[in-house]
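These are my notebook entries on a structure that I had not examined before. I set down what I looked up, in the order in which I looked it up.

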Amino acid sequence: MTRSVCRTRRIRRSLRVSGAGAAALLALSACSSSSGSDADSDSAGSSSSSSPEVSGQVTVFAAASLKESFTTLGEQFEKQHPGTEVTFNFAGSDTLAASVTGGAPADVFASASPGTMATVTDAGATDGAPSTFVRNQLEIATLPGNPDKITSLRDLTGSGLKVVLCDKSVPCGGAAQKALEAGGLRLTPVSYEQDVKAALTKVELKEADAAVVYKTDVKAAGGKVTGVDFPESAKAVNDYPITLLKEAPNAEAGKAFIELVKSAEGQRVLTAAGFRTP
Amino acid sequence: MTGLGEASDRPDGDDTTDTDEPTTAVDSTGGHAPDGGLDTRLVVDRGTFHLDVALTAAPGDVVALLGPNGAGKTTALRALAGLVPLADGHLRLDGVALDRTPPEARPVGVVFQDYLLFPHLTALDNVAFGPRCRGAGKAEARARATAWLDRMGLADHAGAKPRRLSGGQAQRVALARALATNPRLLLLDEPLAALDARTRLEVRAQLRRHLADFEAVAVLVTHDPLDAMVLADRLVVVENGRVVQEGGPADIARRPRTDYIAQLVGLNLYRGRADGHTVRLDAGPAITTTEDLSGPVFVAFPPGAVTLYAERPTGSSARNLWHCEVAGLETHGDQIRVDLTGELPLAADLTTVAAAELGLHPGAPVWATVKATQTHAYPA
Amino acid sequence: MRKPGVPRTGARMVPVPLLVPALVGLAFLLLPLIALLVRAPWRDLPGQLASPEVWQALRLSLLCATSATALSLVVGVPLAWLLARTEFPGRGFVRALVTLPLVLPPVVGGVALLLAFGRNGVIGQWLDAWFGITLPFTTTGVILAETFVAMPFLVISVEGTLRAADPRFEEAATTLGASRFTAFRRVTLPLIAPGIAAGAVLAWARALGEFGATITFAGNFPGRTQTMPLAVYLALQNDPAAAIALSLVLLAVSIAVLAGLRDRWMRAS
């Protein structure tokens, strides 16, 4: 099971290669590392299987930043409900929203921004109102050990530093802009990256000195970057809404998956990945 | 083969001079090694093909390498130009060893088979290319090229691109281009092969004149005996990478030593043993000849000397009478070439009228005769 | 037997098993373009195109694609000559390596470029240490990324032309006293000019549309590294209408340039 999920994800991933940037290269390693967290999440899983009989395939469209935690939750779900198979499509929220409104057969949609979710709701594609299940916060990703001694958002505006931001058209870029405005700062990056993973990759490859990304991304990068919190990030918190879709081919299982995400154990996995509870 | 007529049309006086120059079979040393001119032995290995050809020529000589396709003529030419490395042998031109000299540094001019005029350059620039490469200034090179084109009667076409030139004009531009570098060795690869029959006649005559004017060594490669005989002072026949016969044009035409040459010059050729006026052929029957010889000999006679009869000629005095069968018929100019098998395989030429009267068709039995006076026997 | 010189029968001569797939293929290539035209926000187009950012991206695209083509010519033509006209051990292998960028996903190419020429790259760290040159996030970086992706097209095209060209013209030149380089410069180069032009056009078109390697290696900054394809991609995130408008501009420019070149250069071939 783990293997098939993993493979699906990788294929999807490479389909989005143009957007995902260098992160596509890392998909392989991410795949093996996510299966390492099986053991500790396993024990918690079997205790609360109260839902009715669900089976078959569940298709979940989820924002790229949810990749690690949702993969773990997917494995848990399959263990709790033998006979089910969770298929993920991880991509930028906007791309996913476009697919969903375009009629892609998905059960669950988890977005990285309320704005994107709104386009799906407006199109009448959701079954009920979406609810916020986690929030994500920005953090500065610096080179390992923070050699440039960056302690605040203001430090990034200093000359000589190569900073990358997300493009304003993607959620992390919009959030970074909001944080900069909140601090009354002007920052000229060397590049506006096409998504958060691409921004992070530039720091991981040491091409950039710092990037403004999500806390969850810093966490997922492990020791390859060092995270620096900054107070302005509180002004740019991202809510992550999740919803069942109207045209869901397997609504029962979809509902059960959303339940798992919102449950205590689901929240634990998500906070372990760096998300904040709503 | 038209070669025959041309060759035998030569005044008999030529024969005497030709016999002065002995027909050497495979004499690779070439006798005298001149200080001036060309002295070479070309050995080239190309997989299964092995070329080993020796050539000597004095300045002013025009030597023709004659041979069938694949004999190695062009390879020999390319080796002379330095486009193919020598595996062995030597190459001296005017006493200077050129074995290791790259092609661009050899005082050699080449006229390629299809001329290889640079299509993007005008006739003038094509001719000026060599002088330019050999260090002449732009103006000087053009002046020289203009002079050469003038000499070739092409002054009006100096500005024309090669594709606007006729075959004969292109040939002359190619010759001018090769001569414009003042080579000490001029190589011509099938210089007339790309031309149609009419142009060929005219260009052949012009080329002969230009070659006569050329003061250094010229080597031309051809498979056409007529070109070779008209243009060259000396013929070197190459088969399978070896020299099989060497000599003056008339001599070779009269005394071929291989089937290839015999066919080339349009002769029936047989090998046999002579005993007085009778030659017992290796192929079977005997031939009566006018020459009085003994030992191994060649006997040759032209297809035109053969007379055919539908019935065995009773009153004929001809001693050389064979019973044959028609194997094939082929139009040859205004003549019919008849291929015969039977007692003696031979080729006969007769007029269309005669062929019709005889009612010739493949498989028809005929009697063939040749007068002894029309045969020619010579020691093998 | 059909008399020669009678027109009209062209279409009937084409066998159906060839004609049908051919038409399907043609439709498949054209339909998306037609859809783009049909759904284009024509009314908003003037507004979209008035934005200086569009022209900035277009100018950068043209500059970078042209520079990448020039760079490809300078090193790609000699490389093609080497592959077509010389024998050396491992030539087939080198040839395969040259075509590698054709199959490599451009994003991977971009990462590879970062690993080689990045600030921390195998060569890049020395460039930085000795000359203070860093290539990522610069216009030069865009040109390099595009060259990496586009040059194989040029090399393959020119090599094919060279193989088809008669090498005896070079030989003729050497017998006239030209060195091998002179023969190449004065004879071969003019002879294969149409092939070079075709290869350059291919490379230019490929460079113009380059996205993956560019955004990975050079990043995305308006005016410096944001070429049209990058602008299109990012516009697609939240303003598909703008993306379509930008695509139409790119399409129009490339068609105009290719048609112009076709008349001027390609006729010779």
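**Entry 1: confidence.** I began with chain C of this predicted model. Chain C has a mean pLDDT of 88, and 93% of its residues reach 70 or more. Where pLDDT is low, predicted coordinates should not be read in detail. For the complex, I noted that the predictor gives an ipTM of 0.79 and a pTM of 0.73.

**Entry 2: chain A against chain C.** How many residues does each chain bring to the contact? I recorded 20 residues from chain A and 23 residues from chain C. On the side of chain A that touches chain C, α2 (17-20), α3 (23-34) and β7 (191-193) each supply at least two residues. I noted that β7(A) gives the most to this side, with three residues. Sorted by class, this side of chain A holds nine nonpolar, five polar and six charged residues.

**Entry 3: the nonpolar cores.** The largest nonpolar core has 140 residues. Those with the most contacts inside this core are A:Val60, A:Val108, A:Ala211, A:Val213 and A:Phe257. Which element gives the most to this core? I found it to be helix α8 (residues 139-164) of chain C, with 14 residues. Within chain A, domain 1 (2-135 + 239-272) and domain 2 (138-236) both give residues to the core, so it lies between them.

**Entry 4: one arginine of chain B.** I located B:Arg204 in helix α7 (residues 197-213) of chain B. Is B:Arg204 buried or partly exposed? I counted it as partly exposed, because 18 other C-beta atoms lie within 10 Å, whereas a buried residue would have 20 or more. Not counting residues up to four places away in sequence, B:Arg204 touches B:Leu192, B:Asp227, B:Val230 and B:Leu231. I checked one of these pairs: B:Arg204 and B:Leu231 are 27 residues apart in sequence and 7.5 Å apart in space, C-alpha to C-alpha.

Key. Residues are numbered from 1 along each chain as its sequence is written. Chains are lettered from A and ligands numbered from 1 in the order in which they are written. This is a predicted model: local features need pLDDT of at least 70, side-chain atom pairs count only at pLDDT 80 or more; totals for chains, interfaces and linings use all residues. Two residues are in contact if their C-beta atoms, placed from the backbone, lie within 7 Å. Helices (H or I, at least four residues) and strands (E, at least two) are DSSP runs, numbered from the N terminus. Ala, Val, Leu, Ile, Met, Phe, Trp, Tyr, Cys and Pro count as nonpolar, Asp, Glu, Lys and Arg as charged, and the others, Gly among them, as polar. A nonpolar core is a set of buried Ala, Val, Leu, Ile, Met, Phe, Trp, Tyr and Cys residues joined through C-beta atoms within 7 Å. A residue is buried if 20 or more other C-beta atoms lie within 10 Å of its own, exposed if 12 or fewer, and partly exposed in between; C-beta atoms are placed from the backbone. Domain bounds come from an automatic or database domain assignment. pLDDT is the predictor's confidence in each residue, from 0 to 100.
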